[in-house]
Amino acid sequence: MGFDKDFIFGLATSAGQIEGGAKDGGRGESIWDVFAAKPGKIHNGTTPAVACDSYHRFDRDLQNLKFTGVDSYRMSISWSRVMPDGKGQLNQTGVDYYKRCFDALLEAGIKPNVTLYHWDLPQALEDKNGWVNRDTIKYFAEYADKMFSVFGDTVPLWSTVNEPIAAYVGYALGGFAPGRTNEKEGNQARHNILVAHGAAVDAFRASGAAGDIGIVIDIWKRHALRDTEEDRAIMTDQDERNWKFYTDPVLGGSYSDYILSHLASEGTLMDIYDGDLELMHRPIDFYGLNVYNRVPVTADKKTEADFSQGGNFLNNKTEYYPKAIYDAIRLVNELYKLDIPIYITENGTYSIGPEPRGKDKTIQDDDRIKYVSGFLYWLEKAIDEGYDVRGYYLWSLMDNFEWTAGYNYRFGVFETDFDTLECKPKKSALWYRDFIKKVKEK
Ligand code: NOJ
């Protein structure tokens with residue numbers, strides 16, 4: 001029992017966090033280039049302009065992937081690299097870059113798992129009101145269609161959108177690019193991105209591409225610290241707004257009454273057009289689940305203080321709760337009676353600032369090993385109970401541009417030296433390699 005030989009182990013990254021080469025090969029700006037250039041938005045004023053320089057060093061990444069023995073690599077396409085204006089003509093130089101990446105991966109026996117949209121909207125489309133503009137749905141479908149026609153025969157696994165909540169954070173809360181702060185527009189943006197997902201699925205089916213397509217939605221299950229009505233209400237409210245907003249229409253076919261009535265009474269309900277719900281609920285081949293933790297909630301200060309003193313925490317002060325993966329898998333299966341497989345498309349942890357080094361100078365990221373092995377234990381348990389989970393992607397291949405945390409939060413199993421752009425394995429990379437090897441040798 002447990003992981004079988006066909007189970008896919010992978011590592012994950014995204015274009016906006018690793019590629020750099022921001023102005024090279026005819027690439028257009030993305031909203032993250034523009035947002036990062038504004039003072040005070042990113043830790044230490046850093047930008048993704050160079051990042052890990054994967055645009056010029058894909059071979060380095062490939063060697064590191066091979067070193068770990070992963071079956072698959074989850075990466076994303078930078079929309080503005082292949083379509084600098086977000087629409088119209090393809091930029092052949094950009095397309096060629098991804099062609100080289102995918103071909104090299106396949107040649108190495110590593111399946112590319114490709115995300116079309118990992119938060120990096122072309123700035124040219126933001127200039128036309130971005131995700132708030134319904135036309136962006138059409139532009140996304142056109143972009144998707146072009147990618148399927150070029151790479152449909154090559155790429156076996158596709159995701160339309162990664163963590164659509166980022167659109168809400170970017171348009172309602174101002175915490176992410178494009179840094180706008182209008183609640184109703186935030187709701188419209190996150191609705192439109194889900195409709196765009198469905199339009200891309202339609203384009204995929206029409207293209208006749210051979211692979212599978214899904215969407216990646218993160219679940220951060222709220223946990224009421226007290227068994228009181230007050231804490232349960234907070235839990236429900238946050239569950240509804242933070243992840244069910246996305247999973248309900250995509251996996252369940254409709255928004256919840258809770259969301260519709262609350263947004264209506266708050267005057268922030270988005271426009272929903274005829275056919276939107278059907279599009280959002282288009283049959284997909286898998287559900288990509290990103291799961292990092294649960295989120296304890298309470299209205300009571302003392303309970304909160306007791307929890308933060310008594311709980312089980314990692315060095316970065318996040319709770320160590322590996323059962324979160326098991327809980328999330330069960331939860332979505334129960335809520336939506338899932339009849340498609342799940343891939344864990346992201347799971348991982350970070351250090352804030354530098355990690356300890358051993359005598360041989362290798363980074364000793366024991367916290368990461370503890371975290372990942374705990375999550376894999378609970379994932380295996382879910383699989384043993386019969387839940388259909390086909391793969392697990394550790395976030396991330398290497399330390400990279402962690403959005404507003406800049407280069408300060410380090411998620412990699414390889415350390416990136418941002419001066420020399422060399423990447424060296426941390427202890428966790430060796431550990432993950434050995435873990436995978438053992439499963440494959442079973
Ligand atoms: C979510 C996002 O998909 C990814 O871009 C981010 O770096 C990780 N989780 C870690 O925060």
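This briefing walks through the ligand site and some salt bridges. The model is predicted, so local features need pLDDT of at least 70 and side-chain atom pairs count only at pLDDT 80 or more, while totals for chains, interfaces and linings use all residues. Residues are numbered from 1 along each chain as its sequence is written, and side-chain values use heavy atoms, with hydrogens and water left out.

**The ligand site**

- Among the residues around the ligand are His118, Trp119, Tyr292, Glu346, Glu402 and Trp403 (a residue is near if one of its heavy atoms lies within 4 Å).
- That shell divides into five nonpolar, four polar and three charged residues; Ala, Val, Leu, Ile, Met, Phe, Trp, Tyr, Cys and Pro count as nonpolar, Asp, Glu, Lys and Arg as charged, and the others, Gly among them, as polar.
- Ligand oxygens sit 2.7 Å from a side-chain N or O atom of Glu346, 2.6 Å from one of Glu402 and 2.9 Å from one of Trp403.
- Taken alone the ligand exposes 300 Å², and the protein buries 91% of that (Shrake-Rupley method, 1.4 Å probe).

**Salt bridges**

- The whole structure has 35 salt bridges, each a side-chain nitrogen of Lys or Arg within 4 Å of a carboxyl oxygen of Asp or Glu.
- Arg180 and Glu185 pair up at 3.0 Å, N to O; Arg180 is buried at 18% relative accessibility, and Glu185 is partly exposed at 26% (buried is under 20%, exposed over 50%, partly exposed in between, with a 1.4 Å probe and protein chains only).
- Arg226 meets Asp231 at 2.8 Å, N to O, and Asp231 is buried at 0% relative accessibility.
- Glu334 and Arg330 make another salt bridge, at 3.6 Å, N to O.

Notes: A polar contact is a pair of N or O atoms within 3.5 Å; within protein, one must be able to donate a hydrogen and the other to accept it, and residues adjacent in sequence count only if both atoms are side-chain atoms.
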